[in-house]
Amino acid sequence: MQIKIDENGNFKPTIVAFCCNWCSYAGADLAGTSRLSYPANVKIVRVPCSCRVNPLFILRAFQRGADGVILCGCHPGDCHYTTGNYYTRRRMTLLFNMLDYLGIERDRTRVEWVSAAEGAKMARVMNEFVARICELGENKRLEDLRCKKSLEE
Amino acid sequence: MQRIGVFVCWCGTNIAATVDVKAVAEAARKEPGVVFATDYQYMCSEAGQKLIRDAIAEHKLTGVVICSCSPRMHEATFRKTVEAAGLNPYMLEVANIREQCSWIHKDRTEATEKAVVLARTAIAKVSLNVPLTAGESPVTKRALVIGGGIAGIQSALDIADAGYEVDIVEKQPTIGGKMTQIDKTFPTLDCAACILTPKMVDAAQHEKITIYSYSEVTEVTGFVGAFKARIKRKARFVDETKCTGCGECTSKCPSKKNKNEFNLGLDNRTAIYIPFAQAVPKVAVIDAESCIKKKTGKCGLCQKICGAGAIDYEQKDEYIEREYGAIVVATGYNPIDLAKYDEYAYSQSPDVVTSLELERLMNAAGPTKGTLLRPSDGTHPHTIVFIQCVGSRCDDARGKPYCSKICCMYTAKHAMLIREKYPDTEVHVFYIDVRTPGKNFDEFYRRAVEQYGVDYIKGMVGKVVPHDGKLLVQGSDLIANEQVRIEADMVVLAAAIEPDKSARSIATMLTASIDTNDFFTEAHPKLRPVESPTAGVFLSGVCQGPKDIPETVAQASACAAKVIGLLAKDKLKGNPCVAHVNEEMCNGCSTCEKVCPYGAITYQDKEFRVPGPKRTEIRRVASVNEAVCQGCGACTVACMSGAMDIKGFANKQIFAEVDAICR
Ligand code: FES
């Protein structure tokens, strides 16, 4: 189980970022090459395309204690697989509506289009997102305590 | 259970300075399945790779995790390494602890903590990896070159010389591009046409090269080795196979007052025209918008005159479809539109010209036959002011943030040529910096100043005011720290260059990426400068960034070498990370087929064993064509029964990664 409070008593959220391989993951690399920093809470999972992200992955992250999940893909029209991010956009709108309905604050999830050239945008988006999650505080709603327990054992 | 080895790279101090690599290895050792973990200064070096190979043999590793730079950098390298040690190359995962950790975090504890999480995420994933084998696909041994400027021509010639078929698609009626409009070239001052036109002819005569002029690529599908392109051959209303290029029609055409694009509107052309004398192909074209016959139905003079019977007013756009193994993008550039720079009076006075317009005014084949005359009244200019960086290195939204690279040199060239031909003409150049890196470039610039007495003024021009047939130039001299006023006869603006407007749509068509300025992005800025990140797409010339002619030609040849390397292969190893269907779970609903952008999914009736007296039943199930599937994963999410998965990015693996991050 992650300790979510740092030594100064500040909340340290866990954040999962799904990045498509062709644009956003490269954008994150560019943020690195340009030494543009964003909080270390963000951990990136590389997926071939944003449309690879199953809504279940996002639910799983929340169940396992993630406080925010962000999904990044190529700009609409620029998807390496031509249409992938259009599916992403539709699927995520539905999912986010549903999460909202379930009481998971809308701001805990986000879709962003970040191209391979937008290292600065990547850093900015991540900074903003983490700041917002810190405001929202810990996500307790979907966290599945049983999974946590079994993991701890 | 897998036996996993973890290798943590220091990357010199790139990683080790912010991440405690020993602690990462230590933490990795405690993860389930890990039997070996170590750190080393440079994992990608031969010694580092040997360390990996030896460890695989010694510890009988079945899976490998490398914590190092981005997988986009060295994943391929390490795949080869593990393969050399007898492992399947896909039993490897890379944890990105440089670009996504050590380079962006300053706090050592924080960075180390994150690196540990990234390592354990990769370990969690690799424990679920299975060996994958890449399928093979054939390579179509023909290349498509989009754009027929000097870059496209050079790439095409080199590819064709190696024995492969090349098609050049050029949207203008002739190949040659911007270089045809240039008068002389720096730093040798040889005439552009003299060095370019022979190459244009070479391209036209090469048995392996086909030129589709006045044509555009409208659609590209497929993938490396097997692209399919649809090319639109715009109607030129002249039969290319019959026209001899005699030019009889152009001299008789009554519609004479049409802006001549080749001379940048400085003079006029007829409705039927040949862009310039050395055009390739030398075939006339009718501009339907100004052709009297096309507009009113009356005239038809050119048809009557044409001895070859080449005129065909009814000609329609034609489409052809061809397959290619590789695509070269050589879409080039244009000077920016100066409408937003009204302080320089470009739209108010014809005597304010761009540098490219000046090229035409100095060219023997130009509107003034090579004598430099003011466009307004045809008199000889005695004072000329050049203004540098118009729209280049500009922070505001009007211009471009980058340096256009070629302007310093061509302005030195213009100044020198003018002073040589008209020693009575004063030449002043306003500049921010003079940038002359390049072979014999600085010498050239100094010659302009020292030998030809060109007056260089460091500073910007605030305003150009047309007044009484003259142009009042008000600027500042930063070195003398004073205001300068010059009464000039002509002002020449070194307009920034920008990628051709088509770059954006072509990038989308090829799913190749472009940057915020619309220049094509290279696969790696230093190590793979002529390849696009999209496999099989290569970059030639200014479409990738500002360049002068020698650089463009060098890059075009480099690009050709890469294309030749690709076309020389008979088969390409595909990407094994493709969709895979669990037939037991599939219920044949056709949802996945609808979302697949490649049409890689079809359905088959298959016989399955079932319990009960019937023993077998026939069911319709999905089947994936692995050669066509690109592995995007759209189908995996669409599949309602959970039968679709992607190899290498399987649901189980991604769940494991999420769990490892949130643990
Ligand atoms: S590849 Fe980036 S969104 Fe599809």
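This is a predicted model: local features need pLDDT of at least 70, side-chain atom pairs count only at pLDDT 80 or more; totals for chains, interfaces and linings use all residues.
Local features need pLDDT of at least 70 and side-chain atom pairs pLDDT 80 or more, while totals for chains, interfaces and linings use all residues; side-chain values use heavy atoms, with hydrogens and water left out. Residues are numbered from 1 along each chain as its sequence is written, with chains lettered from A and ligands numbered from 1 in the order in which they are written.

Across the interface of chain B and chain A, 18 residue pairs are in polar contact, both residues at pLDDT 80 or more. A polar contact is a pair of N or O atoms within 3.5 Å; within protein, one must be able to donate a hydrogen and the other to accept it, and residues adjacent in sequence count only if both atoms are side-chain atoms. The elements that give two or more residues to the chain B side include helix 3 (71-84), helix 5 (108-126) and helix 18 (651-662) of chain B (helices are DSSP runs of H or I of at least four residues, strands runs of E of at least two, numbered from the N terminus). Helix 18 of chain B gives the most, with eight residues. By class, the side of chain B that touches chain A has 22 nonpolar, 14 polar and 13 charged residues; Ala, Val, Leu, Ile, Met, Phe, Trp, Tyr, Cys and Pro count as nonpolar, Asp, Glu, Lys and Arg as charged, and the others, Gly among them, as polar.

In total, 49 residues of chain B are in contact (heavy atoms within 4.5 Å) with 51 residues of chain A. The two chains bury about 4300 Å² between them, 60% of it on carbon and sulfur atoms; buried area is the accessible area (1.4 Å probe) lost on putting two parts together, summed over both.

Backbone geometry was also examined in chain B. Most residues other than glycine have a negative phi, and most peptide bonds are trans. A cis peptide bond joins B:Phe186 and B:Pro187, with omega about -10 degrees, and B:Pro187 lies in the loop between strand 8 (184-185) and strand 9 (190-191) of chain B. The bond from B:Val280 to B:Pro281 is cis, with omega near 0 degrees. B:Tyr214 has a positive phi, near 50 degrees.
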